[in-house]
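Here's a quick briefing to read alongside the model. Have the viewer open and follow along.

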Amino acid sequence: MCALRGPVCSFLTRLRRILRIVSERTIVSLIFLCGVSAVIFVFGIFFFVFREGAPFLRHGFDAKEFFLSPDWYPTSATNKRYGILAQLIGTGTVTLVAMLVAVPFSLGAGIFIAEFCGKKTREIMKILIELLAAIPSVVWGFIGLMVMNPLIIWLTGAPIGLNVLNAGVIVGLMSVPIIVTIAEDAIRAVPDTYIEAAEALGATRWQLVRKVILPAAKSGLLAAVLLGVGRAVGETMAVLMCTGHSINIPFDGKAPFFHVLDSVRTLTATIAAEMGEAPRLEVNADGTFPAEALHYQSLFVIGIVLFAVTFVINVTADLIVKGIRKRK
Amino acid sequence: MKNHGNTKNLFAATELINKKLRAQRIVKWIFGLMSVAILIPLVGLTTCLIIRAWPSLTWDFLTDVPKQGMRSGGIWSALVGTMYTVTFSLLVAVPVGVMAGIYLNEYARDNWFTRIVNLAVVNLAGVPSIVHALFGLGAFVVFAGLGKSILSASLTLAIMTLPVIIVSTKEALLAVPLTFRMACWNLGASRWQTIRTIVLPNSIGGILTGIILQVCRAAGETAPIMFTGAVFYKAVQRGDLFPYKPTEQFMALSYHLHTISTQVPGVPESMLYATAVVLLGFVLAFNTIAIVLRTRIRNRKKW
Amino acid sequence: MPETGSIEIKDLTVRYRNKIALDGVSLSIPAKGIYAIIGPANSGKTTLLKSINRTIESEAGVSVKGQIFIDGRNTKRIRDIYELRRRIGMVFPLPVGLPLSIYDNVAYAPRIAGKHARSELDEIVERSLRQAALWDEVKDRLKSLGTMLSGGQQQRLTIARALSHDPEILCLDEFSIAVDPVTTMRIEDVLVELKNKMTIILVTNLVQQARRLGDLTCFMNMGKVVQVDETEKMFSDNPGNQLTYDYVHGVFG
């Protein structure tokens, strides 16, 4: 087989083996490096967002004013103020409306897909929901702007159709796919033995769902809703285009409910809209920053707030989902 | 037991059973209608968009560059920019994501470290796109000194799409039975040889599906490219395939749709709709390819 | 040149987390011939096989103590464990055809070892398939998928694959579980033929199979070796150990 003489041949085989081992080691270490990259990136995100926002935290930051004041005047010439209460409430109200729209429909659809329809229908539904999930958020924003806006004006007689209701419905539709998918998984994760036992006792499908499946899938459904909330809080382009973008708290102090026809502004939209105009200024010679630099930095601090909120939501939802898997 | 032996009565519907079945039917209808309701927007809005876009949907619209301050012409500059960023971001995200998926499914042991990595993947997937944008601005544009450019935007998109590629790779690998791996190990194959010869060839379809889905996501995202490289307008030759250098700023379809619909007054309505339809069509077409691919893999089982 | 294929196991203890799978097992398996291992479920037979080719170490939460010598060489000292695994053929209870063609299934191990010459591979494939009594059934469709064969054929394919790198030791773990009786008989004939060339370790839960094939028989229970002896003695009316007698005659197990 080996055309070469003995020692040369054995040297070549050994060389080939060493080469193989070296290349394999290289690949395996590369794989390991990529594997831990996710951890590096999560820390990287936190680090770099924090790094840009840090000067604001050291200088102009006052936690009480930042979270509890509705005055957001970062570009005011005389009196710059950085309060994000209005944006917090804006994000909160849009998310609330979105969940009011999305949760009942999504859970209904999740139950239908998991328990009431045939295999073929399920396949088709899942494909359509996947396509729904694929629509880019800027297209949703466009729909809110061009379709929902006149529709709301026509239906309610409001002067402007870009408001909490508009953004809530759009963001609600955007959160539907993730809630349906997770909810369906949770329902289908209910052990077959429960279902068989109930069916053997003569329960109809609906009784089964109401008395056995929903209680058993409760925490999974909660996780589904949480992930929907996470999606809604982090949504940017659609709310930027649909909320009307005015700093406003949609309460009038009388009714316990807020005005869904008021325009608001969210945390995400604030960053998206103002980052383009906020200059990144270098530090002065004496270690202080020019006052105009705080605007840019404060937007990063809003980013930190968003990161923290979604971090908590995602970890909680993940723990719930993991718990279900383990039990199963 | 009065009716004992009377089989007719034993299975006859009683009032209670009728009530039960009626409730069942009603509930089924309600849930069914809810399911249809969430899908109406998909079908209804798509149709609505296409109808309104129709007058502008021409070949010229795709290949021409914007003219007269975006109020006429086409979307070529934006289309090419989107292709560039998507391609560059995949070049980074696919190798890293696939290898990370391989690590998590094939090498990682069940310990605290692996749990942290998995948690990081979940979190990365949940970080809002605007925070990714801030990260891209802080890390690539400012810190790495890449400036606002195709490179910065692509890297930002890559990190955003990474977790989904990791998860879909992991799932595709998981579908290959463990017994195949054991058989190979027993034949003297190393882990990597096993992965290369048996595991990857049998999961490549699933991995590919995940990648195609990421193409859609990367193409549709707007927020992450807003501060990292996308610009309002850039002069480009009509039909030019290589108009941008990687270090230059660029136009992107998603950002273009945002600017012309919110910041440019007087754009003909059908042009706005046409831009939305092209973006939507691009995304849905790729998604459909991925779904068809996945169905075909599922039907062609090798074991 | 001394005969190759002898195994010496010294005080082998294997733990899965807190559970003891093998408890101080010492065995001396001579080269060539069929060495049958019998015992009830969970007696550590499979763990023993996995310890021999060191695949056990890649499982989670396993700790291994003790030594195994193959031809006098401590397996823990062998740096290239892949080389070690190539010297040992392994066949597990459920047949596993790799999702490759029949030809590629059998040529898998030689290729991994760096053999790529077509003529050489052809020769190996034919020899291995013949040894596993599968050649006549598949010689006309070597390109079709190995996973599409019937269970019995797949098990013989698995054996052919295990034989493809010309091992000195062949371990079979309850190979007849997923195989019909006729195929079992054919494989048994194959083993009898092969036993002059290599050491065969046959783990089985069918005591009669051990009786038919084994030159030596080892009885294990609860991770310990109860008795090792000539097969005839083990199955006689007086094996010298009450537990062995009870198991062999179906009192428990």
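What follows covers the fold and dimensions of chain A, then the domains of chain B.

Keep in mind that this is a predicted model. For chain B, the domain assignment gives domain 1 and domain 2.

**Fold of chain A**
- Going along the sequence, the elements of chain A run α-α-β-β-α-α-α-α-α-α-α-α-α-α.

**Dimensions and packing of chain A**
- Along the principal axes, the C-alpha atoms of chain A take up a box of roughly 95 × 80 × 35 Å.
- As for burial, 46% of the 328 residues in chain A count as buried.
- If you look at contacts in chain A with a sequence separation of 6 or more, 74% of them link residues 24 or more positions apart.

**Domains of chain B**
- Domain 1 of chain B spans 14-56, while domain 2 of chain B takes in 59-299.
- The centres of these two domains of chain B, taken over C-alpha atoms, are 33 Å apart.
- Where they touch, seven residues of domain 1 of chain B are in contact with nine residues of domain 2 of chain B.
- On the domain 1 side of that contact in chain B, the residues split into four nonpolar, two polar and one charged.

Terms used. Residues numbered from 1 in each chain as written. Chains lettered and ligands numbered in written order. Predicted model: local features only at pLDDT ≥ 70, side-chain atom pairs only at ≥ 80, totals over all residues. Domains from an automatic or database assignment. Contact = placed C-beta atoms within 7 Å. Nonpolar A, V, L, I, M, F, W, Y, C, P; charged D, E, K, R; others polar. Helix = DSSP H or I, 4+ residues; strand = E, 2+ residues; numbered from the N terminus. Buried ≥ 20, exposed ≤ 12 C-beta atoms within 10 Å, placed from the backbone.
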